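Student: I would like to go through the terms used for this model and see what each one rests on.

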Amino acid sequence: MTDKLLIMNAAQVITMKGHSDRPAIQGEMAELDIIENGAVYIEDGKIAAVGPTDEISSNYSSNQRIDASGKVVTPGLIDPHTHLVHAGTRENEYAMRLNGKTYMEIMESGGGIHATTRATQKASHEMLYEQSKKRLDQFLLHGVTTVEAKSGYGLTLEHEIKQLEVAHQLHRDHPVDLISTFMGAHAIPMAEKGDPDPFVDRVIHEMIPEVAKRKLATFNDVFCERGVFTPEQSRRILEAGKQHGLMPKIHADEIEPYEGAELAASVGAVSADHLLKASEKGIKALAEGGVVGVLLPGTAFFLMAEFAEARKMIEAGIPIALSTDANPGSSPTISLPFIMNLGCLKMGMTPEEVLSATTINAAHAIGCAREAGSLEIGKKADVTIFNVPNYLTLSYQYGMNHVDTVIKSGKPVVIGGRLQ
């Protein structure tokens with residue numbers, strides 16, 4: 001029997017249609033395509049029709065119905081930058097920063113990424129899986145149906161593979177889709193800080209080929225930052241990834257201007273992420289190259305730093321996406337709705353732009369815009385229903401979870417705010 005699901009009577013259906021081939025830029029980010037009193041018809045896990053309730057309900061029969069009266073229907077939210085798979089927490093460093101230590105000072109003294117690396121290396125596959133699954137459950141409860149997950153807390157071939165294998169098992173087992181990124185170049189091991197080139201060589205010649213051989217990742221990311229990887233080292237790592245079929249991404253210009261944005265454009269990166277300190281030249285290069293700028297306002301918020309200049313980037317023509325940057329050190333949150341709040345309140349984005357940035361543009365940032373990110377015929381039926389009367393309420397009421405129902409590939413997996 002064919003599975004047929006009809007979502008009907010929605011106060012608003014936000015389709016985000018029209019940008020499956022390329023991300024929305026500038027004024028296009030405000031074009032939501034809203035259907036009042038709308039409906040979405042789903043058949044065999046795919047979207048089969050979208051339109052006014054009267055039209056859809058009269059033309060399609062279903063064996064399951066969801067009454068979305070007084071609610072807003074959107075594409076399932078997409079989080080394009082997370083460090084989902086890790087062990088341990090770092091609340092002690094939170095206290096240190098409140099007492100004046102900087103993020104980089106803590107990292108250079110053996111804390112930060114290194115602290116999480118030690119915990120992750122010690123953790124078994126099973127322990128990593130259980131901890132990460134709990135986080136993934138929370139993403140789903142907050143309306144997120146697709147998540148990018150990076151490695152980078154292993155820093156050895158064995159433990160990087162372990163992280164990526166956990167992500168792949170979660171992708172198989174959990175309703176949320178996981179798209180994996182190899183990030184062996186997340187930090188230089190403490191023992192090699194004085195001579196990092198041998199580690200860079202291991203990433204290039206040992207880790208990348210093995211990850212690609214096992215087909216454990218889609219993307220290859222690097223932390224291009226002073227005190228971590230130089231632009232020259234980052235280029236070598238990203239070009240090596242490309243030779244093995246791994247598409248480049250970059251943690252760029254987070255702490256200071258360091259030519260990360262320029263490098264992202266030069267190597268044809270899918271996205272450049274962070275960009276708090278991107279230069280004027282870098283912003284222009286990203287726009288000209290069509291590189292998605294993934295902004296992470298939760299990180300700036302938690303580190304008490306200046307926020308990325310989203311308004312300037314949008315006006316320059318960079319397609320902007322938003323993400324939690326979920327990680328234990330600089331952004332310990334899984335609430336993409338709160339990130340949407342920050343996008344408006346701290347980076348000057350409009351409610352319409354943050355919806356584009358967490359749906360269709362986020363899909364482009366991780367290469368899945370042909371399957372997800374908008375409510376269009378033939379796409380995967382990933383749908384989030386918010387218990388709000390209009391989409392403006394999503395960014396107006398901050399720090400709240402308004403998710404009522406989540407549908408993944410046509411199957412209700414959250415109902416009434418509870419996992420099924």
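The dialogue below takes up the terms one by one.

Tutor: The model is predicted, so local features need pLDDT of at least 70 and side-chain atom pairs count only at pLDDT 80 or more, while totals for chains, interfaces and linings use all residues. Residues are numbered from 1 along each chain as its sequence is written, and side-chain values use heavy atoms, with hydrogens and water left out.

Student: Why is R90 called buried?

Tutor: Buried means under 20% relative accessible area, exposed over 50%, and partly exposed in between, with a 1.4 Å probe and protein chains only. R90 has a relative accessible area of 4%, so R90 is buried.

Student: Why does H186 count as buried?

Tutor: The relative accessibility of H186 is 3%, therefore H186 counts as buried.

Student: Where do R90 and H186 lie?

Tutor: Helices (H or I, at least four residues) and strands (E, at least two) are DSSP runs, numbered from the N terminus. R90 is in the loop between β6 (77-79) and α2 (91-98), and H186 is in the loop between β8 (177-185) and α7 (197-213).

Student: Which residues does R90 contact, leaving aside its neighbours within four places in sequence?

Tutor: Contact means heavy atoms within 4.5 Å. On that basis the partners of R90 include Y103, G112, I113, P328 and S330. H186, not counting residues up to four places away in sequence, touches H83, I113, G152 and Y153, among others.

Student: What makes the pair R90 and E93 a polar contact?

Tutor: A polar contact is a pair of N or O atoms within 3.5 Å; within protein, one must be able to donate a hydrogen and the other to accept it, and residues adjacent in sequence count only if both atoms are side-chain atoms. The side chains of R90 and E93 are joined at 2.9 Å. The H186 side chain reaches the backbone oxygen of G152 at 3.1 Å.

Student: Which residues does UniProt list under "binding site"?

Tutor: The unreviewed UniProt entry places that feature at R90, Y153, H186, E254 and S330. Of these residues, Y153, H186, E254 and S330 are included in the lining of the largest cavity. A cavity is a set of points, on a 1 Å grid over the protein atoms alone, where a 1.4 Å probe fits but cannot get out; lining residues have an atom within 4 Å of a point. UniProt positions use the numbering used here, feature names are shortened, and annotations may be inferred rather than shown by experiment.

Student: What makes β7 and β8 a pair?

Tutor: Two strands pair if DSSP finds at least two bridges between them. Strand β7 (residues 144-150) is joined to β8 by 5 bridges and runs parallel to β8, with E148 opposite I179.

Student: What is the order of the strands in the open sheet?

Tutor: The 8 strands run β6-β7-β8-β9-β10-β11-β12-β13, with parallel pairing. β6 and β13 (320-322) are the edge strands, since each pairs on one side only.

Student: How does helix α8 run relative to β9?

Tutor: Axes are lines fitted to C-alpha atoms, for helices over the stretch in contact, and angles run from 0 to 180 degrees between N-to-C directions. Helix α8 (residues 231-243) runs at about 175° to β9 (219-224).

Student: What covers strand β14, and which strands does it pair with?

Tutor: Both faces of β14 (residues 383-386) are covered: V383 and I385 on one side and T384 and F386 on the other are all buried. β14 is joined to β5 (residues 72-75) by 4 antiparallel bridges and to β15 (residues 403-408) by 4 antiparallel bridges.

Methods. 1 Å grid on protein atoms, 1.4 Å probe; cavity = no way out; pocket = protein on both sides within 12 Å on 5 of 7 lines; lining within 4 Å.
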